[in-house]
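Please open the structure in a viewer and keep the selection tool at hand. The stops below are to be taken in order.

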Amino acid sequence: MIRLAIQKSGRLSEDSLSLIRECGISFVSSSYKLKTEATNFPLEILYLRDDDIPGYVQDGVADLGVVGQNVLVEAGLPELEVEPLGFSKCRLSLAVPRGEAYASVADLQGKNIATSYPQILGTYLAGHGVQANLHTISGSVEIAPSIGLADAICDIVSSGSTLLGNGLREVETVFRSEAVLIANRALSAEKQALLEQLQFRMQAVRRARR
Ligand code: PRT
Ligand code: ZN
């Protein structure tokens, strides 16, 4: 039996469940249950907060997980990735108030930037030789400039309408992300074989979708 952690409820949930089903795996999922067993494959599904998934897979509480690369890299565990899944594509971007002049990332020197991704942003800024004050907030990052909490923000963007609605202009793409399958690095031979079967099926599903 192999254990797969997926997001309980959020942007990744529906696509994660459909991917498992399209792999020919049957299970009953209920919004009350925190785990469920597949009926035709030795798989147990755990429903977790996405932020907890990389750590649980690293520790072996779950063998596998589905999570956004943004969360995986922010957790400092990029080496757990085994397979890109092609959904939940988004980008982590820097944005400034629409009226502000902005020429390049050097303009952020010494500025206050609000983000939920201090690790990824810190690495990016350091790579550009920029020192800024990062304020880590866990949600509603886009309102930070309008309430005087920050000069700029760095957050996840997909359509761009949240930035627009908050009077912000996207100025740099810091990181591109999609959902990925992750795996514990010390799986037993038996679990490794199950992982390979799953990857084989996931690749077939992706090819069929194209
Ligand atoms: O409760 P839990 O902790 O499990 O979930 P969560 O609230 O932390 O995450 P959730 O469900 O919002 O997102 C899960 C993953 O989906 C993220 O980690 C990304 O990998 C991916 N993803 C894809 C997105 C978006 N698109 C997205 N648009 N995550 C967040 N957003 C938010 C963004 O933060 C911003 O507030 O949507 C807003 C921007 O959207 P647009 O379309 O207006 O640009
Ligand atoms: Zn989360």
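This is a predicted model: local features need pLDDT of at least 70, side-chain atom pairs count only at pLDDT 80 or more; totals for chains, interfaces and linings use all residues.

Residues are numbered from 1 along each chain as its sequence is written, chains are lettered from A and ligands numbered from 1 in the order in which they are written, and side-chain values use heavy atoms, with hydrogens and water left out.

**Whole chain.** Select the chain: its C-alpha atoms fill a box of roughly 60 × 35 × 30 Å along the principal axes. Of its 210 residues, 45% count as buried (under 20% relative accessible area; exposed is over 50% and partly exposed in between, with a 1.4 Å probe and protein chains only).

**Between the domains.** Next, colour domain 1 (2–88 + 178–209) and domain 2 (90–176); the largest pocket lies between them, because both give residues to its lining. The domain bounds come from an automatic or database domain assignment. Select the lining, whose residues divide into 11 nonpolar, 16 polar and nine charged (Asp, Glu, Lys and Arg count as charged; Ala, Val, Leu, Ile, Met, Phe, Trp, Tyr, Cys and Pro as nonpolar; the others, Gly among them, as polar).

**Zinc site.** Finally, select ligand 2, a zinc ion coordinated by D50 (OD) and D51 (OD) at 2.0 to 2.1 Å; donors are N, O and S atoms within 2.8 Å of the metal (3.2 Å for Na, K and Ca), and water is not among the atoms, so sites may look incomplete. D50 counts as buried because its relative accessibility is 17%, whereas D51, at 46%, counts as partly exposed.
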